[in-house]
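Biologist: I would like to learn how to read this kind of model. Please take one feature at a time.

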Amino acid sequence: MVSRLEPAEIYQFLTDCQQKAIASDQPKIASLSFSILAIAPQTVLAALGSQYQRHFYYDSPQQTGSQQTMVGIGCAVECSATGVDRFSLAQSFVQFWQTQFIYATLDRSRLAPLAHFFCSTTFFAEPNVVEAGSMPPDLTHARKLSPPIPYFEPAYLFVPQFQLTTCRTHPASLSTVTFNHLMTARADVRQVTDTLYAKLSKLIAVSRSQQGLLPKNRSAVLNQRKTHGGRYHASYEGFTHFKPAVKAALQQIQTSQLHKVVLADVMDVEGAQPFDEVRSLQALRQNHPDCTVFSIGNGRGQSFIGASPERLLSITDGRFTTDALAGTISRGVLPSLDIQLAQTLVNSEKEQFEHRLVVEFIVRQLRSLGLTPEYEALPRVLQLLHVQHLHTPISANISPPQSISPLDILAKLHPTPAVAGVPHQAACRLIRQYETFDRGLYAAPLGWIDTQGNSEFVVGIRSALLNGQKARLYAGAGIVAGSEPAKELAEIKLKLQALLNALV
């Protein structure tokens, strides 16, 4: 059943929370949840979100057991951190606030859902600034970086003021709405109640309206997008510099201890009108059912969106899982060709070596935390819509649960060889030297943590930065001994084209 809204009950709950904050001399977060008719989270983002509010959208793959989509809007509390200690500083923020929640639900038949911290980090702890004199000779005419604009903080966490969670397998076809509000002695309880009531009323109206539902079939989505896409111009300038960068990296691999480096490049796209983020998210979900679709808004007009196939970590009741994902080849247009390409991937010494570097790194880092990794000796082939990868799932038990935090693990795993290289420090130096743009959130961890230590993070690949009428698309390729610059460029173009199709 859909929860019945009682303003007096909400007012009383908020008043009780305020009294507890006063009595303990510590701020509290009042967390109130209730159920409504199932509603598409993209619709909520369009109805209640604003480009000048923080938002976090996280849509797990359709083949996973939870099939869960979450969207958080606005900030109840927030934290930003920079530098080499950013993960530990973020952990201190989580440890304090996870004990300050006071829960209530209007659904008497169920417990209140746990609160979530939404988190994003940049690839580097500081922006990447390329000095012209540091680039190899073949790249001296590459485009230079202007002073970087800090669109996103090196580490940012927040508890949303509003969160909607929709489970696509829920038998009752309901969504869960959660409102979080910071309660102190100075909070105006009446004003908070009125604001919350107004938002709930609007949300219930949207959930009951057929206009609130976005189309679910792919052709309907694409037909609607044709009326919004308009003309666009894509800049391929960076591609002329990518192959010389690969050649320079291969020379480093031959003459030093470097085993692998992941080089990325960008495609800049400009449309006739601002990109429609909500419809782009819907198209990404339709085009990439086996990926996590995400969007992070910075509250200043820019959003980072994408569809990631790479899960960096998942923790459920003390069970940890991650994906070693490296080694790529395209899909075949015919089933026979598809099988042939997959076999080519499996038989490739170069691709197997690249994949093995990732597996060995993850296993080594997990063992340094006292965990015992479990994994198969040989990788599988993970087939996505446009490409297929070598894939090794790796698991471990965290005992007792919460003895190791998700952020502790992130600090050990990021960046993996799948997005940086081996050895880590040498690879990152080359990335800073050869790439002529700042990665920002590209290839960095983004995800959520709840107050019981459950968590999920993906790597922000297959992604784009939206900024009004402009978009910057990112893609990378792993460079190891035996890599061919032309083939690596082809891999990047394949990834960029798949992302471009969802945006325009």
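Modeller: Start with a salt bridge, meaning a side-chain nitrogen of Lys or Arg within 4 Å of a carboxyl oxygen of Asp or Glu. Glutamate 351 forms one with lysine 350, and the closest N and O atoms are 3.2 Å apart. This is a predicted model: local features need pLDDT of at least 70, side-chain atom pairs count only at pLDDT 80 or more, and totals for chains, interfaces and linings use all residues. Residues are numbered from 1 along each chain as its sequence is written, and side-chain values use heavy atoms, with hydrogens and water left out.

Biologist: Is glutamate 351 buried or exposed? And what about lysine 350?

Modeller: Buried means under 20% relative accessible area, exposed means over 50%, and partly exposed lies in between (1.4 Å probe, protein chains only). Glutamate 351 has a relative accessible area of 11%, so it is buried. Lysine 350 is at 17%, so it is buried too.

Biologist: Which salt bridge has partly exposed partners?

Modeller: Take arginine 380 and glutamate 376, whose closest N and O atoms are 3.5 Å apart. Arginine 380 is partly exposed because its relative accessible area is 42%. Glutamate 376 is at 44% and also counts as partly exposed. Elsewhere, salt bridges that share partners join Lys260, Lys350, Glu351, Glu354 and Glu488 into one network.

Biologist: How do I read two packed helices?

Modeller: Two packed helices are described by the angle between their axes and the distance between the axes. Axes are lines fitted to C-alpha atoms, for helices over the stretch in contact, and angles run from 0 to 180 degrees between N-to-C directions. Here, α7 and helix α12 (residues 485-503) have axes that come within 8 Å and cross at roughly 130°. α7 and α12 are therefore oblique to each other. The cut-offs: under 35 degrees is roughly parallel, over 145 roughly antiparallel, 65 to 115 roughly perpendicular, and the rest oblique.

Biologist: Which residues make the contact between α7 and α12?

Modeller: Contact means heavy atoms within 4.5 Å. Ser280, Ala283, Leu284 and Asn287 of α7 meet Leu499, Ala502 and Leu503 of α12.

Biologist: Now strands. Which strand pairs with β4 in the parallel sense?

Modeller: Two strands pair if DSSP finds at least two bridges between them. Strand β1 (residues 28-37) pairs with β4 over five bridges, in the parallel sense. Isoleucine 102 in β4 is the bridge partner of alanine 30. Strand β4 (residues 101-105) is mostly covered, with four of its five residues buried.

Biologist: Where is alanine 47 found, and what does it touch?

Modeller: Alanine 47 is found in helix α2 (residues 41-48). Not counting residues up to four places away in sequence, alanine 47 touches Lys202 and Val206. Its C-alpha atom is 8.1 Å from that of valine 206, 159 residues apart along the chain.

Notes: Helix = DSSP H or I, 4+ residues; strand = E, 2+ residues; numbered from the N terminus.
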